[in-house]
Amino acid sequence: MSVPFLMAAPDPVVPTGSNAQLVVAALGGIAVIVLLITYFKLHAFLALMIGAISVGIAAGLGLTASVTAFAKGFGDTMGGVGILIGLGAMYGKLLADSGGADRIVDTLVNRASTRSLPWMMALVGALIGLPMFFEVGLVLLMPVIILVARRSGLSLMRVAIPTLAGLSAMHGLVPPHPGPLVAISALGANLGLTLALGVLVAIPTVIIAGPLFSTLAAKWAPVPVPALFVTAEDEGEDVTHKPRPSFLAALVSILIPVVLMLASALWDVVAPGSDSAARTVVHFLGLPAMALLIAVIAGIFILGRGGQMNRDAIASTLETSLPPIAGIVFIVGAGGGFKQVLISTGIGQVIADAVQGSGLSVLFLAWVVAVLIRVATGSATVATVTAAGILAPVAAELSSPHVALMVLAIGAGSLFLSHVNDAGFWLVKGYLGTSIGQTLKTWTVMECLISVCGLVGVLLLSLVV
């Protein structure tokens, strides 16, 4: 039996609304979503679906096409982020139930003082985030974030914000992430130079948006540690003599997807354009979904054996890992649906056309274009691709260092103001258990800080390179 609203539209639909109508529709849709959730207390999934379809209709996309666009965005998000969330939840529960998370967290807490712990978490987030997609790094590190906050007694935001800042800054500023690589290809930038300059910009950016900002975030959102990834030790059981994996075994299990994805990325850097059976295998293993699947399977043996879990215990762990994150999955998917509706209306191109003829500095202009499209569509990738396409003719007249800086300016802009049309917003909100207002005051402000600090770093470097 076919379901009509899940079928792809046979032909692309061009919205009939004017430019002003598109902007008003987008702003109105965002307002509707916030109102439905905060005032009417409607579930975020329903609010996002209603808001997305309303935007499509108001923008002239059409009745059927609006629903189809939402379904496409939902499906695309579930095919990517949804799979990662599910695999990450399985791995996280396995890490917690085996005692592996206890081992890692106890080691971190015992080796670091309360004052230095946020800085250590920022470093962990940056190192894990260097080769990995943001969503993969998030689902891998969320058990560690929650358990470190629970055991150390620090505020959740003092632990979460530094880690998220490390992940996000690496994702937007440093290749081999997809966004910077797309911009490097479109603008003809030097990859090695962009990588080096990206690290220089990312270091102070992570410090400001991570450990330093986390002190304010903790005051603005004093939320309790969510009741996720609860271990036997957290429940008050005596685990002194309970078997659990060694620190090395737990660390290896976490690093498996990191190594697989890093190997895939480095292959393209070292041998770009090569085509061989080895390259095919490395790229296959480095796909985010495959890397996490391998991590779960390896975890069954490494963590399960270290924690002396039998088959029934492992089966129970995997089975009970998914229900707690079902709501998160649907909300994230709906956020992807809303984003797709905005993209289908063409509002991103409207914004790009409006600023293309301005007389702004090329680096600042690159940032502004990426910011506006990111805010309008909720997609860092769309913002990066569109901004890179618009600025490509300008980049042809710049020196190699300034082309690399333009890539970083676009990457920084693509992170600005994550809000209700961004699936990542709902992913962070769901895991941390914050309200919309608290998520805006913490996660969204952090993303803005990364974006602005990234721009400042780019402009300062442009004076000396």
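Helices (H or I, at least four residues) and strands (E, at least two) are DSSP runs, numbered from the N terminus. The views below show a predicted model, in which local features need pLDDT of at least 70 and side-chain atom pairs count only at pLDDT 80 or more, while totals for chains, interfaces and linings use all residues. Residues are numbered from 1 along each chain as its sequence is written, and side-chain values use heavy atoms, with hydrogens and water left out.

**View 1. The whole chain and its confidence.** The protein chain contains 20 helices and zero strands, and 54% of its 465 residues count as buried, where buried means under 20% relative accessible area, exposed means over 50%, and partly exposed lies in between (1.4 Å probe, protein chains only). The mean pLDDT, which is the predictor's confidence in each residue from 0 to 100, is 83 for the protein chain, with 89% of the residues reaching 70 or more. Confidence is lowest in helix α15 (residues 347-356), at a mean of 69, and highest in helix α20 (residues 436-462), at 96.

View 2. Asp76 forms a salt bridge with Lys72, with the closest N and O atoms 2.7 Å apart; the term stands for a side-chain nitrogen of Lys or Arg within 4 Å of a carboxyl oxygen of Asp or Glu. Both Asp76 and Lys72 belong to helix α3, where they are four residues apart, about one turn of the helix. Asp76 is partly exposed at 45% relative accessibility, and Lys72 is also partly exposed, at 46%.

**View 3. A buried salt bridge between two helices.** The side chains of Arg151 and Asp106 meet in a salt bridge (3.1 Å, N to O). Because Arg151 lies in helix α6 (residues 134-152) and Asp106 in helix α4 (residues 100-111), the pair ties together parts that are 45 residues apart in sequence. Both Arg151 and Asp106 are buried, and salt bridges that share partners join Asp106, Arg151 and Arg244 into one network.

**View 4. The largest nonpolar core around Tyr431.** A nonpolar core is a set of buried Ala, Val, Leu, Ile, Met, Phe, Trp, Tyr and Cys residues joined through side-chain atoms within 4.5 Å. The largest one has 109 residues, of which Ile85, Leu164, Trp426, Tyr431 and Met446 touch the most other members, and its largest share, 14 residues, comes from helix α3 (residues 63-98). Leaving aside residues up to four places away in sequence, the contacts of Tyr431 include Ile85, Leu138, Met142, Pro226, Phe229 and Ile328, a contact being heavy atoms within 4.5 Å.

**View 5. A nonpolar patch on the surface.** Trp119, Leu195, Val199, Ile203, Ile207, Ile208 and Leu212 form this patch, with about 560 Å² of accessible area together. Patches consist of residues with over 30% relative accessible area and no salt bridge, like charges being joined within 9 Å and nonpolar side chains (Val, Leu, Ile, Met, Phe, Trp, Tyr) within 5 Å, and accessible areas come from the Shrake-Rupley method with a 1.4 Å probe, for which, in the case of residues, only the protein chains shown count as cover. Helix α9 (residues 191-220) supplies the largest share of the patch, six residues, and Ile208, which is found in helix α9, is partly exposed with a relative accessible area of 36%.
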